[in-house]
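Have the structure open while you read.

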Amino acid sequence: SEIFRQVLERGGVATETCYTPLHLRMEGRDLKRTNMTFCESAWQRVFAVPVRPNLLPEDWDRIEKTLRRAAGALRS
């Protein structure tokens, strides 16, 4: 996911972390009841690309082309 994200960023497509586990948020810090090592390491690799109502057709084209490039980079 990190390589994919780097290719997107280099192509001008901003990414953002889109998930924080509940037990790592201020409100849920007392909710952890078991070992969550995997969850605590994996969540930072989950990200989103921009999907906003104000994106122009040119933005969508750039995002799509960059996504295709990134997918190709992972295949090789």
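A polar contact here is a pair of N or O atoms within 3.5 Å, and within protein one of them must be able to donate a hydrogen and the other to accept it. Keep in mind that this is a predicted model.

**T66 and its surroundings**
- The side chains of T66 and R69 are joined by a polar contact of 3.2 Å.
- You'll find T66 in helix α3, which covers residues 57–75.
- T66 has a relative accessible area of 0%, so it's buried, given that buried means under 20%.
- Leaving aside residues up to four places away in sequence, T66 touches V7, L8, G11 and V13.

**The aromatic pair**
- The count of aromatic pairs comes to 1.
- That pair is F4 with F47: their ring centres sit 6.2 Å apart and the planes are at 40 degrees, so the pair is tilted.
- F4 belongs to helix α1 (residues 2–10) and F47 to strand β2 (residues 47–48), so the pair ties together parts that are 43 residues apart in sequence.
- F4 counts as buried because its relative accessibility is 19%, and the cut-off for buried is under 20%.

**I3 in helix α1**
- I3 is also found in helix α1.
- Buried or exposed? I3 is exposed, because its relative accessible area is 52% and exposed means over 50%.
- From I3 to C39 the gap is 36 residues in sequence, and 20 Å in space, C-alpha to C-alpha.

Note on methods. Residues numbered from 1 in each chain as written. Predicted model: local features only at pLDDT ≥ 70, side-chain atom pairs only at ≥ 80, totals over all residues. Heavy atoms only, no water. Phe/Tyr/Trp six-rings, centres within 6.5 Å; stacked < 30°, edge-to-face > 60°. Helix = DSSP H or I, 4+ residues; strand = E, 2+ residues; numbered from the N terminus. Buried < 20%, exposed > 50% of the residue type's maximum accessible area, 1.4 Å probe, protein only. Contact = heavy atoms within 4.5 Å.
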